[in-house]
Amino acid sequence: MAAEEISKPPSLPPYPEMIWSAIAALNETGGSNKTSISKYIESKHGNLPAGHTALLAHHLNRMTDTGELMFLKNNYMKPDPNAPPRRGRGRPPKPKDPLAPPADLAPARPRGRPPKDPNAPPKPVKPKATTAGSGKPRGRPRKMARPTGGITGTPTATSAVPMTTGSGRPRGRPPKVKAAAMTEVSVQN
């Protein structure tokens, strides 16, 4: 048991005490940053735990949240009791009027569509209005059947291929000419 006490490293003071002593000893005008505080603690107390940087960051954040330290421009410093409180970025909030009486507010409406009333009478069914118009059916017209005559066939008045105005030719790419329809030209020597 005596050997365990001898090999045990000397105990460190608590981190808040080490941080306070580092800030007081460094005595920088704009405060001390995390790196300078860490280097001072490492130089003063040689054997630090393995997670020293994580512990230091945790204690600095906790001391800043509780108001023991003030964090300004990436530096930590002791808060000045005479300094006015700092406000955050953006527009300051409007001052509340203490003389205004509290208004009687109706209970808040629940979100979403209200449920249907089961006791409500059914709505009358409206008859569908007939469209008095040109007599054409609504929507896109149906496709017409392909012509059966081919290219050599004569166009009829009931041709299914739509024509462009004034050109006299059907729309689109013409079909390929088949090799059997081509006439062979023999060369004589």
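In this predicted model, residue N27 lies in the loop that joins α2 to α3. The phi angle of N27 is near 50°, a positive value in a residue that is not glycine. Most residues other than glycine have a negative phi.

**Residues with positive phi**
- N27 has a relative accessibility of 63%, and because exposed means over 50%, N27 counts as exposed.
- K73 also has a positive phi, of about 55°, although K73 is not a glycine.
- The position of K73 is the loop between β1, which covers residues 70–72, and β2.
- K73 has a relative accessibility of 75%, so this residue counts as exposed.

**Layout of the chain**
- Four helices and two strands are found in the protein chain.
- Read from the N terminus, the order of these elements is α-α-α-α-β-β.
- The protein chain has 189 residues, and buried residues make up 13% of them.

**The largest nonpolar core**
- Which residues of the largest nonpolar core touch the most other members? They are I19, I37, I41, L56, L60 and L69, out of 13 residues in this core.
- The elements that each give two or more residues to this core are α2 (15–26), α3 (34–44) and α4 (52–66).
- Helix α2 provides the largest share of the core, with five residues.

**A charged patch on the surface**
- R113, K116, K123 and K126 form a positive surface patch.
- Where does K116 lie? The place of K116 is in the segment that follows β2, a strand covering residues 75–77.
- Is K116 buried or exposed? K116 has a relative accessible area of 79%, and therefore K116 is exposed.

**Points to locate in the structure**
- The loop between α2 and α3 holds N27, while the loop between β1 and β2 holds K73.
- The segment after β2 holds K116, one of the residues of the positive patch.

How values were computed
Residues numbered from 1 in each chain as written. Predicted model: local features only at pLDDT ≥ 70, side-chain atom pairs only at ≥ 80, totals over all residues. Heavy atoms only, no water. Patch = residues over 30% accessible without salt bridge, like charges linked within 9 Å, V, L, I, M, F, W, Y side chains within 5 Å. Areas by Shrake-Rupley, 256 points an atom, 1.4 Å probe, with all protein chains shown as cover. Salt bridge = Lys/Arg side-chain N within 4 Å of Asp/Glu carboxyl O. Lys, Arg positive; Asp, Glu negative; His and termini not counted. Charge placed at Lys NZ, Arg CZ, Asp CG, Glu CD. Buried < 20%, exposed > 50% of the residue type's maximum accessible area, 1.4 Å probe, protein only. Core = buried A, V, L, I, M, F, W, Y, C linked by side-chain atoms within 4.5 Å.
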